[in-house]
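Keep the viewer open and have the selection tool ready. Each stop below tells you what to select and what you will find there.

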Amino acid sequence: MTASASPSAPSAPSKTTSSASNPLILMSSTPARVRFAPSPTGYLHIGGARTALFNWLYARHIGAIFVLRIEDTDAARNTQEATDVILRGLRWLGLDWDEGPVTGDPTGPSRGDRGPYFQSQRGTIYKRRIQELKDRGLAYDDAGAVRFRMRRDPVVIHDQIIGDISRALTDREQEDPDFVIVRSDGLPVFHFVNVVDDIEMGITHVVRGEDHVSNTAKHIALFEAFGVQPPAYAHIPLILNPDGSKMSKRDQGASIQTYIDDGYLPDAVTNYLSLLGWTPKEGGELFTKEEAAQRFELGDVHRSNARFDMKKLEHFHFEHVRRIAPARFVELGVDTLRRLGVNVDAFPPAYTAAALTSVQEKGKLFRELPTWVDFFFLPDDALNFDPEAKAKALVPTARPLLEKLRERYASLADFTATALEAALKQLATDLAVKAGPLVQPCRVACTGRTVGPSLYHLLEILGRERVLARLDHAIAAIPAT
RNA sequence: GGCGCGUUCGUCUAUCGGUUAGGACACGGCCCUCUCAAGGCUGAAAGACGGGUUCGAUUCCCGUACGCGCUACCA
């Protein structure tokens, strides 16, 4: 069987509307409901973000309601701040939810009528459901805990991605098949609350990490115990470290915050993430999440884990950043520069915009922006010459060249990129030298570095006054012979 | 140990039994060039292993190896 082949039963549609194989959905006029149910651990894991993304893509593709539920049963560890981190991460990625919390406050406002959307607020619901199982003889007290009467025969999971899986009891489970659903301290466990919430919230599709496949047998048994048809399941492959090991909290790039801090474009992150474990049938690699949502099919999701490749993510950032509207780039750039302490507000907005736009095509991470444009915002006599650049370009032989260049630029009629280029090349011809010996010292004189935006454009943006001042300053800084 | 899932270039992947096994990132070379890039051209690079089935297997089946997940009164 190929990776893209349909794992479904012969009679079931191979793709598109996996919900069509679910009578519950077919017969109902209520829309499908999809959910992302993170536990607030203090950070949003890249794998969790991708799970959220796939849920979002699928929900948007089929027009389902996307529900966000916070699984904060561990009161000690789950703080409001920890939940805020998740919400912030999802919002940054642009993954909006139709129902769920508005803030990280469990008792705060929420959207939707199936709440509360924090498990910490759903205690009475769980108690009622426990009693229901007990009344039916499907759960019983055991040493202070409550156990569920698990079925002993293999459970078949109809997974939309993996296909049919028959999950038999393990050796340990054979000895003790009835698993705990309420701990002796009174707290219901994950398997139980997860299923109860999915029932109460009317979840029709569960899209989650492959690490839950084995658990799904328990969940299905629980659904059956409640007399409810289980949702359609889709288990997506995991994201691994570059070396193939499991990506954990400490690993580089594990937290979404990394990408926020480094200044990646959210669309680049979602684009890259969507391609880790999914390929659109129609082909193509570069797209927005909205475009991805149009094409997203669970049947096209892969079955094997993928390793994370930061270089490729950077490439997607490069491609996306060059495509966004200049105004948007400027907006993001100004935010970043302010945050990193560059004094942009002392300059006219048009100047700042021009300065930033000159490097948009470089496609750099926003965090790297100061390296490329900080010279625009420094006093003319306070440029920090990169030592290597200075040693290489601001040498005695460059002095007469710079002096001549200053002369020409001082008397230039139009201080525009084309005129600046023409004047420099004319001077090179007149002096019988190549352009390089003029270009490099001029660049270092005006920017302090050997790399940067296009020289003539940068000069035009700086303007005659600054350029002449910088040339003077550089000429004075050239060591005597 | 048990129960599951997986295995195509370094990485992400295409391939619905017959292909010179294609693309992207990364890497090398050439061209272009005001720096760095970008762009164009180009190079190297893959079917884990062993059995079947078949006229023919990367593709279907079995086994082995390896990887991953689960195996909690964690989620």
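Select aspartate 141. Aspartate 141 is exposed, at 53% relative accessible area. Bear in mind that this model is predicted. The side chains of lysine 134 and aspartate 141 form a salt bridge, 3.3 Å from N to O. Lysine 134 is partly exposed, with a relative accessibility of 27%. Why do such pairs form? Side chains of opposite charge can pair when their charged atoms come close.

**Next stop: a link across the sequence**

Select arginine 367 and aspartate 262. These two make a salt bridge, and their closest N and O atoms are 2.9 Å apart. Arginine 367 sits in the loop between α13 and α14, while aspartate 262 belongs to helix α8 (residues 256-262), so the bridge ties together parts 105 residues apart in sequence. Arginine 367 is partly exposed at 45% relative accessibility. Aspartate 262 is also partly exposed, at 21%.

**A second link**

Move to arginine 129 and glutamate 200. Their side chains meet in a salt bridge of 2.9 Å, N to O. Arginine 129 is in helix α4 (residues 123-135) and glutamate 200 is in helix α6 (residues 190-200), so this pair joins parts that lie 71 residues apart in sequence. Is arginine 129 buried or exposed? Arginine 129 counts as buried, at 13% relative accessibility.

Now select Arg35, Arg69, Glu71, Arg122, Asp197 and Asp198 together. Salt bridges link these residues in a network. For the whole structure, the count of salt bridges comes to 36.

**Helix α13**

Select residues 349-357, which make up helix α13. Which residues of α13 are buried? They are Tyr351, Thr352, Ala355 and Leu356. Turn the view to look down the axis of α13. Its buried residues fall within an arc of 130°, so they line one face of the helix. The spacing has a simple background: an α-helix has 3.6 residues a turn, so residues three or four places apart point the same way. Pro349 and Ala350, on the other side of α13, are exposed.

What does the buried side of α13 pack against? Show α12 (326-339), α14 (369-373), α19 (455-462) and α20 (464-477); the buried residues of α13 pack against these helices.

**Helix α18**

Select residues 436-447, which form helix α18. Try the distance tool on its two end C-alpha atoms. They are 16 Å apart, which agrees with the 16 Å that 12 residues should span at 1.5 Å a residue. Of those 12 residues, 9 are buried, so α18 is largely enclosed by the rest of the structure. Among the buried ones are Leu438, Val439, Pro441 and Arg443.

Then step past the end of the helix to glycine 448. Glycine 448 follows α18 and has a positive phi, near 85°.

How many disulfides does the whole structure hold? The search finds 0. Cysteine 442 is in no disulfide, and the nearest cysteine sulfur, in cysteine 446, is 4.4 Å away. Cysteine 442 has a relative accessible area of 0%, and cysteine 446 has a relative accessibility of 0%.

Methods. Residues are numbered from 1 along each chain as its sequence is written. Chains are lettered from A and ligands numbered from 1 in the order in which they are written. This is a predicted model: local features need pLDDT of at least 70, side-chain atom pairs count only at pLDDT 80 or more; totals for chains, interfaces and linings use all residues. Side-chain values use heavy atoms; hydrogens and water are left out. Buried means under 20% relative accessible area, exposed over 50%, partly exposed in between (1.4 Å probe, protein chains only). Helices (H or I, at least four residues) and strands (E, at least two) are DSSP runs, numbered from the N terminus. The arc is that of the directions from the helix axis to the C-beta atoms. Contact means heavy atoms within 4.5 Å. A salt bridge is a side-chain nitrogen of Lys or Arg within 4 Å of a carboxyl oxygen of Asp or Glu. A disulfide is a pair of cysteine sulfur atoms within 2.5 Å. The expected span of a helix is 1.5 Å times one less than its number of residues.
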